[in-house]
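Take a moment to look over the sequence and the model below.

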Amino acid sequence: MSNIAISGFTIPLALFFSLLSTIFYLINFIKNRKDNTSRYFYYLSFFSISLSFFLLAYHFISRDFRLSYVTAYSSSDLSFLYTLSAIWAGQEGSFLLWSFLSLLLGLFLIKYLKEDENLGMFLYNLQILGLLYLLLRQSPFILLQEIPADGRGLNPLLLNPWMAIHPPFMFLGYAAYGIPFTYALLLLIKKNFQEFHSITYRWVIFSWVSMGIGIILGGFWAYETLGWGGYWGWDPVENASLVPWLLMTALVHGLILQKKYKTFYKSNYLLATFSFIFVLYGTFLTRSGVLQDFSVHSFVDLGITGVLLIFMLSFLILSIAIFIVKFKNF
């Protein structure tokens with residue numbers, strides 16, 4: 001089987017294994033049992049998405065213009081650095097990067113959850129399932145019927161060294177925001193939110209720093225490339241990424257106050273959950289085409305607006321429902 005044929009199976013396999021992992025984690029939680037099957041399926045999902053990411057990189061490096069995505073964002077004259085940057089230049093590649101980083105962080109989360117692995121990984125896997133389904137709808141492995149002699153190349157605005165490292169840091173931050181969100185839901189369900197500071201403080205700092213670096217690097221890119229004399233503070237998509245970072249900044253302070261005064265539990269729960277919800281909202285604004293006439297960051301609508309909206313609203317409703325049901329336990 002050729003590399004391109006294998007590539008087409010990797011994303012469906014990752015989604016399939018992630019779904020099995022989610023189901024087995026839920027069964028284990030309900031039956032209060034320890035069963036490594038759910039973990040093994042998670043490992044298989046991570047392996048599948050890792051294979052998908054590295055195969056896409058291979059297709060870009062080998063100038064495989066049979067793929068629509070490679071043709072759209074690469075060309076024969078691109079340097080190696082910008083060829084790698086092109087991997088996450090479009091919707092498909094950036095969703096793949098986000099999924100890969102989320103599954104990677106999940107490997108560390110499994111270690112830290114310990115006895116709470118079943119419920120914690122069930123909640124975390126819900127996020128993974130949403131990302132993988134979006135990726136399945138926006139696969140980077142769609143073949144062209146006619147193979148062009150060369151690709152269209154990278155947008156000139158993206159031909160900047162900062163663009164090689166800005167998106168990876170942003171999506172690392174996006175992926176990391178899902179972990180404090182998971183812990184917030186988990187600890188409130190377990191009526192143990194008093195431990196939120198001691199368990200999640202390092203994850204919160206990691207998330208906050210990752211996205212903060214990404215935002216700063218994006219500002220340098222915009223300043224150098226467009227020369228507007230500012231750092232794009234007015235751009236709606238730039239602000240969409242800044243809002244969850246500001247909420248996480250407030251959460252950092254809230255956790256310090258929680259440790260010192262044994263209070264701010266409700267505020268910290270809402271900050272942890274809404275930081276993640278606003279990451280999804282920013283993704284919706286960027287990827288739905290809503291802002292395509294107002295921001296050069298924004299992608300055109302490629303038919304996933306409804307899925308993005310459901311993805312965001314599902315986690316919003318889940319967060320609020322748990323808060324209402326467990327409100328008295330704070």
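## The chain as a whole

Of the chain's 330 residues, 54% count as buried. Buried means under 20% relative accessible area, exposed means over 50%, and partly exposed lies in between (1.4 Å probe, protein chains only). This is a predicted model: local features need pLDDT of at least 70, side-chain atom pairs count only at pLDDT 80 or more, and totals for chains, interfaces and linings use all residues. Residues are numbered from 1 along each chain as its sequence is written, and side-chain values use heavy atoms, with hydrogens and water left out.

The chain has 11 helices and zero strands. Helices (H or I, at least four residues) and strands (E, at least two) are DSSP runs, numbered from the N terminus.

Now take the contacts, meaning heavy atoms within 4.5 Å. Among contacts in the chain with a separation of 6 or more, 78% are between residues 24 or more positions apart.

## The cavity

Rolling a probe the size of a water molecule over the atoms shows where empty space is left. The search uses a 1 Å grid over the protein atoms alone: a cavity is a set of points where a 1.4 Å probe fits but cannot get out, and a pocket is an open set with protein on both sides within 12 Å along at least five of seven lines. Lining residues have an atom within 4 Å of a point. Grid points are joined across faces, edges and corners, and a volume is the space filled by probe spheres set on the points.

How many cavities of 30 Å³ or more does the whole structure hold? The search finds one. The largest cavity holds about 50 Å³ of space. Its lining includes W98, Y124, F276 and F311. Helices α5, α6 (117-137), α7 (162-189) and α10 (265-287) each give two or more residues to this lining. The largest share, four residues, comes from α6.

By class, the cavity lining has nine nonpolar, three polar and no charged residues. Ala, Val, Leu, Ile, Met, Phe, Trp, Tyr, Cys and Pro count as nonpolar; Asp, Glu, Lys and Arg count as charged; the others, Gly among them, are polar.

## The second largest pocket

The second largest pocket has a volume of about 280 Å³. It is lined by 13 residues, and the closest to its centre are Y112, Y183, I199, R202 and W203. Both α5 and α8 (196-226) supply at least two lining residues. Which helix gives the largest share of this lining? It is α8, with five residues. The lining divides into six nonpolar, one polar and six charged residues.

Y112 lies in helix α5 (residues 91-113). Y112 counts as partly exposed because its relative accessibility is 39%. Beyond its neighbours within four places in sequence, Y112 is in contact with Y183, R202 and W203. Y112 and I199 are 87 residues apart in sequence, yet 8.8 Å apart in space, C-alpha to C-alpha.

## A buried asparagine

N28 lies in helix α1 (residues 3-31). Is N28 buried or exposed? N28 is buried, because its relative accessibility is 0%.

Setting aside neighbours within four places in sequence, N28 is in contact with R33, D35, S38 and N118. The side chains of N28 and S38 are joined by a polar contact of 3.3 Å. A polar contact is a pair of N or O atoms within 3.5 Å; within protein, one must be able to donate a hydrogen and the other to accept it, and residues adjacent in sequence count only if both atoms are side-chain atoms.
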